Amino acid sequence: MASPNRDPAAASAAAAAVTGAEPGASAARRSVGKRLQKELMTLMMSGDKGISAFPESHNLFKWFGTIHGAAGTVYEDLRYKLSLEFPSGYPYNAPTVKFDKWSALYDVRTIRLYIQSLMGEPNIDSPLNTHAAELWANPTAFKNYLLETYVKQVTSQEP
């Protein structure tokens, strides 16, 4: 029996706000929301330098963040914006980044560190950008191409 002092609809809405799920959302979506909350706390406590990610507003399924180029790579001193959108089946469905063998053990921190490591050691045998892969062997040419592309991207995002 429901408590006369408690509004079930309000309780459902409050739970949804905490987990990022819509009121009446499936148990799976609420479970994913709880996992993402836990990952957010882990990220906040990790103190990783050069990478950050936080949910947009009150939506735990859409995150934004930054990745700083790792020291000693051509990306050093550059900062990239990162957008992660988690499917309702996360962690069982990978976000945008493709992994050879996806595992539910991957978390937001692992994904960000993976992206950062790819910046220093990309897989040029299977490139998305063939021109960049061709330039990779010549660090000066690659850095020039990188800076040109970076400046275009940054200036196109400015208000």
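Mentor: Start with Asp-77, which counts as exposed because its relative accessibility is 76%. Keep in mind that this is a predicted model.

Trainee: Ok, where is Asp-77 found?

Mentor: Asp-77 sits in the loop between S2 and S3. Its phi is positive, about 75 degrees, although Asp-77 is not a glycine.

Trainee: Why point out a positive phi?

Mentor: Because most residues other than glycine have a negative phi.

Trainee: What about Ser-57, what is its phi?

Mentor: Ser-57 has a positive phi of about 50 degrees, and it is not a glycine either. Ser-57 belongs to the loop between S1 and S2.

Trainee: Is Ser-57 buried or exposed?

Mentor: Exposed, since its relative accessible area is 69% and the cut-off for exposed is over 50%.

Trainee: And how many residues are there between S1 and S2?

Mentor: There are 2 residues between them, and the two strands form a hairpin with Ser-57 in the turn.

Trainee: Let me back up. How many helices and strands does the protein have?

Mentor: It has 5 helices and 3 strands. From the N terminus, the order is α-α-β-β-β-α-α-α.

Trainee: So what is the strand order in the sheet?

Mentor: S1-S2-S3, in an open sheet with antiparallel pairing. S1 (51-56) and S3 (79-85) are the edge strands, each pairing on one side only. From one strand to the next, the twist averages 20 degrees.

Trainee: How many bridges between S1 and S2?

Mentor: S1 and S2 pair over 6 bridges, in the antiparallel sense. If you want a position to look at, Ser-52 stands opposite Thr-66 in S2.

Trainee: And the pairing of S2 with S3?

Mentor: Strand S2 (residues 59-68) pairs with S3 over 7 bridges, again antiparallel. Two places to check: Phe-64 has Ser-83 in S3 as its bridge partner, and Trp-63 has Leu-84 in S3.

Trainee: Moving to the helices. Which strands does H2 lie across?

Mentor: H2 lies across S1 and S2, and it runs at about 30 degrees to S2.

Trainee: What about H2 and H3, how are their axes placed?

Mentor: Two packed helices are described by the angle between their axes and the distance between the axes. Here, the axes of H2 (residues 27-46) and H3 (residues 108-120) come within 9 Å and cross at roughly 55 degrees. H2 and H3 are therefore oblique to each other.

Trainee: Which residues make that contact?

Mentor: On H2 they are Leu-36, Glu-39, Leu-43 and Ser-46, and on H3 they are Val-108, Arg-109 and Arg-112. By class, that contact has 3 nonpolar, 1 polar and 3 charged residues.

Trainee: Next topic, the core. How many residues does the largest nonpolar core have?

Mentor: It has 26 residues, and those with the most contacts inside it are Leu-36, Trp-63 and Val-108. Leu-36 and Val-108 were in the contact of H2 with H3, and Trp-63 was the bridge partner of Leu-84.

Trainee: Which elements supply at least two residues of this core?

Mentor: H2, S1, S2, S3, H3, helix H4 (130-135) and helix H5 (139-157) each do.

Trainee: Last one. What share of the protein counts as buried?

Mentor: Of its 159 residues, 30% count as buried. As for contacts between residues at least 6 apart in sequence, 42% join residues at least 24 apart.

Notes: Residues numbered from 1 in each chain as written. Predicted model: local features only at pLDDT ≥ 70, side-chain atom pairs only at ≥ 80, totals over all residues. Heavy atoms only, no water. Axes fitted to C-alpha atoms, helices over the stretch in contact; angles between N-to-C directions. Helix = DSSP H or I, 4+ residues; strand = E, 2+ residues; numbered from the N terminus. Parallel < 35°, antiparallel > 145°, perpendicular 65-115°, else oblique. Contact = heavy atoms within 4.5 Å. Nonpolar A, V, L, I, M, F, W, Y, C, P; charged D, E, K, R; others polar. Pairing = 2+ DSSP bridges. Core = buried A, V, L, I, M, F, W, Y, C linked by side-chain atoms within 4.5 Å. Buried < 20%, exposed > 50% of the residue type's maximum accessible area, 1.4 Å probe, protein only.
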